Amino acid sequence: MGDGSDAECARPPARRWAGLARYWGYARRPLVELRTRRSSLPLGWVRSWVYAYILVAFWRAVYGHTAQEAGYTLGQIVSYVVAGQVLNAVLVSTAQERLSQGVRQGTVILDLLRPVALPLALLADGAGMALGSIFSHGIPMLIFGVLVLHMRVPLAPTPLALVVLLGFLGFALLQLLDGLIAYSAFWTVRTQGLDRLVNWIVFSLLGGSFVPYAFFPHWAQGLLTWSPLAGLYSDPVQVWVGRMGAAAGLAAAGRDLFWLAVLMAIQAWVHVRAMRRVISFGG
Amino acid sequence: MPAAIHAEGLARQFRVLRVRPGARADAGGGRARGYARVDALSDVTFSIEPGQMVGYLGPNGAGKSTTIKLLTGVLRPSAGTVRVLELDPCRQRQRLCAQIGVLFGQRSQLWWDIPLIESFFALRYIYALGAEDFRRQLGRLRELLQLDAFLQTPVRQLSLGQRMRGELAAVLLHRPRVLFLDEPTIGVDAVGKDALRRFLLEINRLDGVTILLTSHDLGDIESICGRVLLLHQGRLIGDGPPAEMTRRFGVRPVLILYFSADGRVRTDQVRDRLPPDCTLEARADGALAVTFDRMALTPPQLLSRLGDLPILDFRLEEASLAHAFLKVYGGGA
């Protein structure tokens, strides 16, 4: 996933892995930034707690006195939406923000002046952001969910391991999907409208962040279950609330790996073409 | 020894969006938008030897920054070839970037929201610097650029001069062999400029760093560069030492003469004593300005010709790159 340069392709595998240490420079930036502005964290916690509380209130209103909807009990749906909010901490990406701004303002050239591959630099940046976000948002949301909203938490080793695995794969899928949107900046310059549309409708709604696929029309369920979007929220959260067993979870992980390979190939292809379109005017 | 930088027939074109303003365009009177092809750089050829400090001069839009982006592999040339440290910047960008430093005065490469020292730590990993090597180089840069007072300050809270010193340290942490500086002193005060110039001379002398410098402050270039490349509308129009450039473009030194108030020296009295190729101009403050050819006449020779006149004082204005710049770019080459 470099820039297609001869030198990078010719580099022996051992040196390639050693070269990966360079990306810690990108991954640690969001962590340092988090440390620098830690005083503003409580405001973020309150905001996300209120949002989770509203989502839960919405579902309680939908259920009314009904015991079960689309196979979900009220307890499961509450756990589902709050678990989705916990996963939000992992499912973060900085690619759109970094690249669309960088292309428009010409600052993308600064990333290209470093001895790193741009896609890996973006991935490292996102990984650092996710790592920081787990501590700054994920854990506070988990505590709030368990103590206030009575969220169910998987404690058995198998579902717990599956949630971690699927969450990790979901993070990787998001980086590639978000990266592809971000690369469109090299053609459209401004991707801000696209950002919002994709973030709020595609990734959150169609990813199954706050509405399980069971509530979607049958044709959409079939389509989404086989799409890479299912790997973002739907699969890990279904394992979390006990709606998906180990076998189905592993099958979902296999499907995620397939999509990761496909998306990596597409991104590598797009990246090479994007690099030919780099334009930066002025000093 | 191979050249540190070699460009051959370098050219770059851009497609630039043109949007016609006004109601006529809105009403459909002709195309409201279209694209124009702009030749940012045409057939530029030069070589820079290792350890040279070269000024790259030209007015806004001449193609200076474009050249730097082509030399560093950020942009692909439309035509021509480039080799920097014997590498092809486009195809071997990552390898090249590990050996060069690039500073764009108008674009910060430091991370805005974190303390300056944290940007250096991040760069330590990005350039795969060993702990000891990093510690030693950072210590040296801290001393030379006097960074200690603001190392722990977030970059967004630094003054322009402090930020520029930080930027310079950031591009030098990995000990680059070639340094590209695009307007490094923009917005920096006189004291800061002087410190930066001395610093560049120092790293060139101690480390043999090759430097390509663009600046609108011609003092920067005159004070540190032994060679200048003059660029005009994307084409190279001059290459040589600053003094040679000023001569080549017909810029001459000026001797300004002040006469005693009761001396009553007439212009023609002075003119009679000067060779024909000297020009004479009366100034508003009563002084006479004599423009002469230094190759034909030295200032002492000129003064000795005027020795019998009641000269009270005199001042020599050397032909400078600024004068050449004005002549070439202000009056047409």
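Biologist: In what sense do strand E5 and E6(B) pair, and over how many bridges?
Modeller: Strand E5 (residues 100-104) of chain B and E6(B) pair in the parallel sense over 5 bridges, where pairing requires that DSSP finds at least two bridges between two strands. Within this pair, B:Gly101 stands opposite B:Leu179 of E6(B). This is a predicted model, in which local features need pLDDT of at least 70 and side-chain atom pairs count only at pLDDT 80 or more, while totals for chains, interfaces and linings use all residues. Residues are numbered from 1 along each chain as its sequence is written, and chains are lettered from A and ligands numbered from 1 in the order in which they are written.
Biologist: And which residue is the bridge partner of B:Asp182 in E7(B)?
Modeller: That partner is B:Thr214, and E6(B) pairs with strand E7 (residues 210-214) of chain B in the parallel sense, over 5 bridges. Strands here are DSSP runs of E with at least two residues, helices are runs of H or I with at least four residues, and both are numbered from the N terminus. Together with helix H7 (residues 190-207) of chain B, the strands E6(B) and E7(B) make a right-handed β-α-β unit; right-handed means that, with the strands pointing away from the viewer, the path from the first strand over the helix to the second runs clockwise.
Biologist: Are the faces of E6(B) covered or open?
Modeller: Both faces are covered, with B:Val178, B:Phe180 and B:Asp182 buried on one side and B:Leu179 and B:Leu181 buried on the other. Buried means that 20 or more other C-beta atoms, placed from the backbone, lie within 10 Å of the residue's own.
Biologist: How many residues of chain A are in contact with chain B?
Modeller: There are 30 residues of chain A in contact with 33 residues of chain B, contact meaning C-beta atoms, placed from the backbone, within 7 Å. On the chain A side, the largest share, 7 residues, comes from H3(A), and the elements giving two or more residues are helix H1 (6-10), helix H3 (24-36) and helix H7 (108-112) of chain A.
Biologist: What follows H4(B)?
Modeller: H4(B) is followed by B:Ala128, whose phi is positive, near 50°.

Note on methods. Contact = placed C-beta atoms within 7 Å. Buried ≥ 20, exposed ≤ 12 C-beta atoms within 10 Å, placed from the backbone.
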